[in-house]
Number of protein chains: 2
Amino acid sequence: MASEKLQVVVTCTAPVNIAVIKYWGKRDEALILPINSSLSVTLHQDQLRTTTTAAISKDFTEDRIWLNGREEAVGQPRLQACLREIRRLARKRRSMEGEGALPLSLSYKVHVASVNNFPTAAGLASSAAGYACLAYTLAQVYGVEGDLSEVARQGSGSACRSLYGGFVEWQMGEQADGKDSIAQQVAPEWHWPELRILVLVVSAEKKQTGSTVGMQTSVETSALLKFRAESVVPARMKEMMRCIKERDFPGFAQLTMKDSNQFHATCLDTFPPISYLNDTSRRIIQLVHCFNTHHGQTKVAYTFDAGPNAVIFTLDDTVAEFVAAVRHSFPPSANGDKFLKGLQVTPAPLSDELKAALTTEPSPGSVQYIIATQVGPGPQVLDDPHVHLLGPDGLPQWAA
Amino acid sequence: MASEKLQVVVTCTAPVNIAVIKYWGKRDEALILPINSSLSVTLHQDQLRTTTTAAISKDFTEDRIWLNGREEAVGQPRLQACLREIRRLARKRRSMEGEGALPLSLSYKVHVASVNNFPTAAGLASSAAGYACLAYTLAQVYGVEGDLSEVARQGSGSACRSLYGGFVEWQMGEQADGKDSIAQQVAPEWHWPELRILVLVVSAEKKQTGSTVGMQTSVETSALLKFRAESVVPARMKEMMRCIKERDFPGFAQLTMKDSNQFHATCLDTFPPISYLNDTSRRIIQLVHCFNTHHGQTKVAYTFDAGPNAVIFTLDDTVAEFVAAVRHSFPPSANGDKFLKGLQVTPAPLSDELKAALTTEPSPGSVQYIIATQVGPGPQVLDDPHVHLLGPDGLPQWAA
């Protein structure tokens with residue numbers, strides 16, 4: 001195949017997003033329609049990103065996909081849903097534009113290669129970045145424009161929020177077909193330049209309950225989840241949008257923590273119960289509350305997804321002191337020099353008063369490392385042909 | 001004082017109770033009126049009990065109290081509430097009986113000494129047994145008969161449930177004065193002879209949020225707690241009473257676990273969040289679910305109060321195997337011979353199949369020891385004068 005020519009080849013990157021109003025539970029498993037709206041912050045791709053190359057060629061005999069260097073089964077239902085959806089949108093667009101006959105390219109098979117620049121062990125929502133990147137890259141290849149929520153969402157619900165930069169709302173929608181269950185930007189990435197994000201990667205002993213199975217069990221068994229979705233989240237969505245618009249950090253921070261806690265509460269109310277937080281997560285929660293109490297104001301917030309890792313929100317003037325507090329409470333075990341990755345943080349001393357206020361016993365090695373980042377833009381097309389993950393033969397470069 | 005004579009001296013014991021439908025949150029802080037009804041199992045006093053001696057004498061110059069050998073401030077509001085309430089009931093009774101003038105004894109000061117036969121470290125609700133015992137003993141001294149819910153409740157809410165043996169309901173009541181917020185027996189202690197209870201004492205790193213402050217914060221901040229109290233608990237109370245009446249163990253066990261989980265969920269939904277469960281508690285939860293899944297039926301249940309210790313319910317035919325499973329998952333560190341206290345349990349081997357089904361990594365020393373017990377009777381009067389905790393001088397025997 002080395003001599004053959006690729007019809008189209010495109011490489012894009014997409015970001016990770018962290019929900020501050022959590023999504024947990026589907027009202028439609030097939031279409032991935034949520035039981036409540038959610039709201040997230042898009043993390044900067046300088047630190048955390050998925051890169052995806054998609055290529056089509058008349059010589060490809062089948063759709064194929066490689067994730068982090070390993071070929072995966074393309075028949076996987078969610079992958080199929082994305083491919084089907086993007087091709088449907090492409091057909092729809094062509095026919096609406098009155099071009100009559102569909103271009104040949106729509107019948108071509110596609111090859112996809114995708115890599116994350118962060119370890120799966122980081123427990124970050126790699127599927128959200130991954131499916132957003134897939135949807136965005138396929139849209140370039142097939143010439144689809146407009147909102148891709150439906151495509152990304154059918155890969156992984158929260159993936160639709162990774163289609164935009166800044167602050168992003170995923171409206172739950174009301175329609176049975178999910179046409180109104182879409183993501184949209186609430187505020188752009190430059191809206192709140194002082195905001196900083198720290199990912200605290202926690203040493204976990206084992207794989208947790210997967211989120212797909214977990215949320216299904218929660219919907220079936222937790223009365224608290226139903227109540228939350230119907231009676232708590234709508235007001236919280238409004239309040240969170242206000243906090244973001246007004247850059248009200250204490251409001252934003254408190255609501256973020258409360259919503260994380262409530263999400264984990266509904267997990268615990270699930271039967272059998274689901275626990276994503278471990279003792280280290282709880283020590284981080286305590287550290288944040290001690291830190292805020294010491295300062296007499298809410299300067300730091302935590303949020304946890306379906307795993308023990310903490311995502312911390314704070315402002316640029318507080319990052320250094322909080323990192324010092326983390327280092328004090330969770331002394332790095334071995335990799336002291338690489339404890340802090342990403343954005344540079346000037347080391348700051350910890351006052352004796354603050355040290356005394358941090359009441360938890362130091363727990364060495366419980367936090368593996370920190371990734372410092374900020375709010376970032378949505379998916380990007382990379383123009384440099386050298387970055388393609390697929391070679392001229394349509395196979396991963398490294399697997400030639 | 002050694003030569004003076006005590007007017008009346010009485011010694012009683014009272015049991016610990018474990019809620020299977022949890023009480024969390026007051027609608028009246030002063031009267032200790034709960035936001036929902038609760039239901040508990042009374043544990044046998046052969047294993048866990050409070051012993052209290054109360055004495056009155058015309059020579060006592062003030063009310064005094066010794067807890068576990070240490071004199072405590074008698075001015076403490078809750079203690080005062082109990083004393084005031086019992087004296088009020090005594091006066092009321094005498095006046096109703098038309099005896100006219102009140103007996104002198106009502107104006108006498110009281111001395112109280114109380115001890116638990118279990119370490120405070122066991123994290124069991126010692127205040128419930130303690131205030132039940134205080135109310136019951138004072139009632140003997142002052143000649144008060146009838147329900148003592150109001151007296152015990154004003155010491156510690158759940159203490160009213162320790163006034164009865166067997167299975168006990170604390171009806172939340174509706175009246176503002178709390179007259180209808182009383183405990184009553186649902187089934188006597190001999191109703192379900194096969195039921196066994198294991199207290200798994202977990203090594204905890206530090207003191208948790210106290211339950212008085214904790215539930216106050218929960219009432220103020222958790223929307224899920226309000227919903228639980230109003231919309232979930234009423235149906236659960238009915239269902240739990242049915243399970244007990246019919247001795248439906250799987251039903252009883254599942255509801256017990258669900259209610260424990262939901263209580264801890266509302267703690268997590270509190271702001272700042274409260275976490276009573278630690279990683280060991282969660283391993284115990286997982287162990288129980290693995291055990292039940294392995295057997296294809298619910299043979300064991302867990303419940304957790306405001307601390308990391310587990311209370312396990314099971315039937316006599318399952319105790320030995322479950323203890324073996326605990327021993328396998330939490331190998332005793334040093335005190336191997338004293339790992340199991342209380343009722344005797346014949347050691348049973350663990351099948352290889354069950355061993356394989358217990359997927360959690362063994363965690364040595366995380367469970368300190370087990371107390372095996374069963375359902376037991378309510379408070380008892382001890383007739384033997386040798387058991388009095390107060391000597392003829394009205395002072396603790398050991399502090400002579």
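**A friendly note on the two-chain model**

1. The elements of chain B that give two or more residues to the side touching chain A are helix 5 (223–245), helix 6 (249–268) and helix 7 (279–295). Helix 6 of chain B gives the most to that side, with eight residues. Helices (H or I, at least four residues) and strands (E, at least two) are DSSP runs, numbered from the N terminus.

2. Before going on, a word on conventions. This is a predicted model, in which local features need pLDDT of at least 70 and side-chain atom pairs count only at pLDDT 80 or more, while totals for chains, interfaces and linings use all residues. Residues are numbered from 1 along each chain as its sequence is written, chains are lettered from A and ligands numbered from 1 in the order in which they are written, and side-chain values use heavy atoms, with hydrogens and water left out.

3. Back to the chain interface. Chain B and chain A bring 29 residues each to the contact, where contact means heavy atoms within 4.5 Å. About 2500 Å² is buried between chain B and chain A, and carbon and sulfur atoms give 67% of this area. Buried area is the accessible area (1.4 Å probe) that two parts lose on being put together, summed over both. B:Leu224, B:Leu268 and B:Phe271 supply 24% of what chain B buries against chain A, more than any other three residues.

4. What about charge at this interface? Between chain B and chain A there are zero salt bridges, a salt bridge being a side-chain nitrogen of Lys or Arg within 4 Å of a carboxyl oxygen of Asp or Glu. The side of chain B that touches chain A does have seven charged residues, along with 13 nonpolar and nine polar ones. In this sorting, Ala, Val, Leu, Ile, Met, Phe, Trp, Tyr, Cys and Pro count as nonpolar, Asp, Glu, Lys and Arg as charged, and the others, Gly among them, as polar.

5. Now look at chain A by itself. Chain A has nine helices and 17 strands. Its radius of gyration, taken over C-alpha atoms, is 22 Å, close to the 21 Å that the globule rule gives for 400 residues, so chain A is as compact as a globular protein of that length. The globule rule is 2.2 Å times the number of residues to the power 0.38. Along its principal axes, the C-alpha trace of chain A spans about 70 × 45 × 40 Å.

6. Chain A is assigned domain 1 (8–187 + 380–399) and domain 2 (195–374), with bounds from an automatic or database domain assignment. The C-alpha centres of these domains of chain A lie 28 Å apart. In chain A, 31 residues of domain 1 are in contact with 44 residues of domain 2. The area buried between the two domains of chain A is about 3000 Å², with 73% from carbon and sulfur atoms. A:Ile21, A:Lys22 and A:Trp24 supply 29% of the area that domain 1 of chain A buries against domain 2 of chain A, more than any other three residues.

7. Finally, some local details to find on screen. The peptide bond from A:Phe271 to A:Pro272 is cis, with omega near -5 degrees, and A:Pro272 sits in the loop between helix 6 (249–268) and helix 7 (279–295) of chain A. In chain B, a cis peptide bond joins B:Phe271 and B:Pro272, with omega about -5 degrees. A:Asn68 has a positive phi of about 45 degrees although it is not a glycine; A:Asn68 is in the loop between strand 7 (64–67) and strand 8 (70–72) of chain A.
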